Amino acid sequence: MSELGNYLKEKREEKEMSLDDLQRTTKIQKRYLVAIEEGNFDTLPGIFYARAFVKTYAEAIGLNAEEVLHTYKNELPSTQSETVDLPSRAERTKPAKASSSPSKNGGRPISTILVPILILLVIGTIVYFVWNLDFGSNNDESVDEPQEGSTYDGPSPDEEEEDEASPDEGTDNDEGTDEDENNEATEEEDVEPELVLEDEGDTTQTYTLANADSFESLVIEMNGEGTYVEVRESEDTGTVEQNYPPFGETFNPDVSELDSLYVRIGFGAEVDTFSVNDLEIELLDTTSVQVIEVLLDDESE
């Protein structure tokens, strides 16, 4: 029996908890709990489950899980030693690109032909607008110039100033204001929630959920039995919910009361869909444990 197993077993017995009690509390099968106490981590579904199961065991008996993991880290198998040769996510999802064929016209690329044509079109457009601008200016100068001996029957300059200074009552200004307010209200109602990627590392992704007041759903669809998922509100809080064997089922925890999401995923290659409020997130192409953190936008709260 390992030192870690002895330590956990002693603390469990001090709490007067049996393995059956611990199984009901942690939802971890009894044979895995026995394997942890005996230090037989090879019997777990995967070596990266060792840390997750030990962490859940420690929390269930009232220990500081992070301190336990740090103190006995040399006894726990390293997740870096378990690698799986899988094609990259890009290779699994992207179709093969069509092979480029040599261009015609004696091997000359089409761009060498289109560029001169575009230049001629731009020059022609500029000349057209300059010509019309000059022609219109000349016409404007010749308008409204009274000829000698002609009479002008329009209003005097003083009358025009009075008309501009005293606009008629009952104009449509109020109606225009109401229409603008209605348009602004419609635009605010049509704003859709969106996920904004704030930061991305080798094994971490941080998103902001904009235009949403709360988390309505978290759905993780898996295609295999090797994926482990743990949900917290933040990195410093305890586990809110996690999946248990069999792992190859859709995981849909209740996150409506959380102010943020901190999701740890082991073996994400077997995750088909990861979505928050029906907005899909593409996981990192890694066989290591990865973390997805989603924060609510302050302006939407």
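I shall describe the chain as a whole and then turn to two of its residues.

Please keep in mind throughout that this is a predicted model. The chain contains 9 helices and 9 strands. Of its 301 residues, 30% are buried. The accessible surface amounts to about 20,300 Å², and carbon and sulfur atoms account for 46% of that area. As for contacts within the chain, if we take those between residues at least 6 apart in sequence, 68% join residues at least 24 apart.

Is Leu19 buried or exposed? With a relative accessible area of 16%, Leu19 counts as buried, because that value is under the 20% cut-off. Which residues does Leu19 touch, if we leave aside those up to four places away in sequence? They are Arg12, Lys30, Leu33, Val34 and Glu37. I would also point out Lys9, which is 10 residues from Leu19 along the chain; the C-alpha atoms of these two residues are separated by 9.4 Å.

My second residue is Glu280, which is found in strand 8, residues 279–280. Glu280 has a relative accessible area of 57% and is therefore exposed, the cut-off being over 50%. On the surface, Glu280 is part of a patch of negative charge.

Thank you for your attention.

Notes
Residues numbered from 1 in each chain as written. Predicted model: local features only at pLDDT ≥ 70, side-chain atom pairs only at ≥ 80, totals over all residues. Heavy atoms only, no water. Patch = residues over 30% accessible without salt bridge, like charges linked within 9 Å, V, L, I, M, F, W, Y side chains within 5 Å. Areas by Shrake-Rupley, 256 points an atom, 1.4 Å probe, with all protein chains shown as cover. Salt bridge = Lys/Arg side-chain N within 4 Å of Asp/Glu carboxyl O. Lys, Arg positive; Asp, Glu negative; His and termini not counted. Charge placed at Lys NZ, Arg CZ, Asp CG, Glu CD. Helix = DSSP H or I, 4+ residues; strand = E, 2+ residues; numbered from the N terminus. Buried < 20%, exposed > 50% of the residue type's maximum accessible area, 1.4 Å probe, protein only. Contact = heavy atoms within 4.5 Å.
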